[in-house]
Structure formats: C-alpha cells, structure tokens
Amino acid sequence: MTEQILKTHNLSKAFGGVCAVKDFNMEINAGRIRGIIGPNGAGKTTIFNLLSRIYKEDEGTIEFAGQDVTSKSQIEVARMGLSRTFQNTRLFVGLNVLDNVKVALDHDGKYSLFSALFKLPFRNKQERMIKEKAMSCLELLNLDEFAKLSPSNLSYGYQRRVEIARALANDPKVLMLDEPAAGLNPEETSMLMDFIKDIQAKYPNLAILVIEHRMELIMNLCDHIYVQDSGLTIAEGTPAEIQSNPKVLAAYLGEEE
Ligand SMILES: Nc1ncnc2c1ncn2[C@@H]1O[C@H](COP(=O)(O)OP(=O)(O)OP(=O)(O)O)[C@@H](O)[C@H]1O
Ligand SMILES: [Mg+2]
C-alpha cells in the first residue's frame with residue numbers, strides 16, 4: 001500500500017521564453033490521492049503532459065513503477081499503467097458509452113490489423129474479452145445502465161465519469177485527472193467527489209493525481225497538495241497546511257474570492 005509509484009526530480013519545461021514548469025519535485029504512493037492547484041497558466045497541465053510523455057522535459061527525471069521513463073513514449077508509459085483524462089471532455093460522440101471504454105482496451109497488441117481484416121476467430125475471442133472487460137469496468141463504477149447510450153445523452157457530470165471509467169479500464173497504477181470538475185455545478189461536483197472516493201475504495205492500490213480549481217474537491221479528497229504558481233511550487237503539504245499558508249492565500253485562494 002505504501003509503495004512509491006511515481007516520482008519526479010527537478011522536472012522542468014519552457015516554451016520559448018516562458019517557463020511553464022521549473023524544478024518540479026513530487027512523489028506519490030500507491031493508494032494515495034495527491035492534488036495540484038494553482039491559478040490559470042501555473043503549469044499544471046504541462047506537468048501532466050510531461051508525466052504522460054506528450055511533452056519531452058528540458059531537464060529532470062520521472063520515475064514510474066521503479067523505472068526512469070524519460071526516454072519512453074506516450075504509449076509505453078500508458079501500457080506501463082499511467083492513465084489520464086484531459087481538461088476538456090474527449091469522448092467520441094459517435095460511439096456509445098461501452099464502445100468509448102472499449103477504445104481504451106483496443107491496443108494491447110494481440111488484436112492486430114491483420115486479424116481484424118480477415119476476421120480470424122482469434123479476433124472474435126479478443127473482441128469478446130475487450131467487451132467483457134469494458135463492461136465489468138462500467139459495472140464496477142455503476143455506469144453499466146448507460147452502456148448503450150451515446151455520451152451526448154448523458155449529463156456533463158456523467159460524461160466526466162465515463163471518461164474516468166475509460167481511463168481506468170486498463171487497470172492503471174496511476175490515474176491523473178485534469179480538472180475533472182470543470183464545468184460541473186456544485187451538486188455534480190459533490191457527486192464526482194463521491195465517485196472518486198468510490199474509485200479509491202474499489203482500486204485500493206491506485207494512485208490518483210488530480211488537478212483542480214474547486215477547493216472543496218481538492219481539500220476533501222487529497223492527503224497532500226502541491227501549489228503551483230508561474231511554474232514553481234510555492235507550497236506543498238496537507239490541506240490544512242495549504243489553507244493556512246500565506247503565500248497560497250495570496251497567490252491563489254485570494255484570487256478566488
Ligand atoms: N504547447 C505549448 N506551447 C506554448 N506554450 C505552452 C504550451 N503548453 C503550455 N504552454 C504555456 O505554459 C504555461 C502553463 O500552461 P498550462 O496549460 O500548463 O497551465 P495550467 O496551470 O494547466 O492552466 P489552466 O488552469 O488554465 O489549465 C502557460 O503560459 C501556457 O501558455
Ligand atoms: Mg490546465
């Protein structure tokens with residue numbers, strides 16, 4: 001339960017002259033939830049893009065599941081169990097909920113283009129397995145009743161949950177959520193919070209890293225929070241420590257009021 005799963009050392013990334021992330025040091029253990037907060041443009045999403053290897057760092061290291069992954073690709077780290085959602089919903093509206101989750105499982109290498117083209121028996125078996133796995137993920141998260149619906153028929157709060165379900169379908173080691181409550185009303189936000197707590201209970205070894213603007217969500221869910229401002233970590237600690245930190249109040253909480 002206390003195994004360290006993800007750790008960065010002096011992770012840095014600049015775009016032109018803009019330093020998006022500077023010397024970012026974080027770590028997270030299996031089974032824990034950590035948060036990243038900070039004002040717009042603080043570099044939060046850039047951290048996720050570095051961790052998921054969408055961006056290559058300028059400096060620093062990332063250790064994931066005991067390996068240095070700085071030379072690995074997006075697909076490689078995803079296969080190793082690093083999964084994420086994006087700030088904007090990215091569900092396929094032309095696919096139903098079940099198929100949206102199946103998409104996440106469709107690339108395990110055994111289901112080749114060749115077997116797909118020639119409809120080999122192997123493909124059918126593989127397809128059945130993918131369907132079963134996607135369905136059991138939806139069942140576990142109490143979303144199975146929506147399996148045949150288009151995401152566009154769901155409320156935004158449920159669309160967010162389906163996205164999270166898709167990110168969980170591969171049984172990742174780390175789940176990264178980029179502003180999961182963006183666009184949700186207070187009631188939906190509170191339901192999402194319960195949903196994330198439920199995930200923690202159902203996936204006890206999963207480490208969750210969440211970026212959020214909604215203070216109540218981050219303070220309620222996380223046991224440790226990193227506060228980013230202009231690329232730098234200006235504070236870190238427990239929710240209580242963060243809430244009483246004058247630097248944080250000035251840079252972020254003050255701005256909210
Ligand atoms: N691909 C890119 N090219 C150029 N600049 C970028 C790129 N990605 C991010 N940036 C810049 O890096 C800085 C940090 O952006 P980032 O998206 O990480 O912030 P954020 O904390 O996620 O903000 P928000 O709360 O608005 O989502 C910003 O100044 C942004 O303009
Ligand atoms: Mg962002």
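With 257 residues, the protein would have a radius of gyration near 18 Å if it were a compact globule, and its value of 19 Å agrees; the radius is taken over C-alpha atoms, and the rule is 2.2 Å times the number of residues to the power 0.38. This is a predicted model, in which local features need pLDDT of at least 70 and side-chain atom pairs count only at pLDDT 80 or more, while totals for chains, interfaces and linings use all residues. Residues are numbered from 1 along each chain as its sequence is written, with chains lettered from A and ligands numbered from 1 in the order in which they are written.

Along the principal axes, the C-alpha atoms fill a box of roughly 60 × 40 × 35 Å. There are 10 helices and 11 strands, taken as DSSP runs (helices H or I, at least four residues; strands E, at least two) numbered from the N terminus.

Next, the helix pair. Helix α6 (residues 156-168) packs against helix α7 (residues 186-202) at about 20°, the axes being 10 Å apart. That makes the two roughly parallel, a term for angles under 35 degrees, where axes are lines fitted to C-alpha atoms over the stretch in contact and angles run from 0 to 180 degrees between N-to-C directions.

Finally, the ligand. The residues around ligand 1 (C-beta atom, placed from the backbone, within 6 Å) include Phe15, Lys44, Thr45 and Gln87. Two or more residues come from each of β2 (18-24) and α1 (44-51), and α1 gives the most, with 3.

How values were computed:
Parallel < 35°, antiparallel > 145°, perpendicular 65-115°, else oblique.
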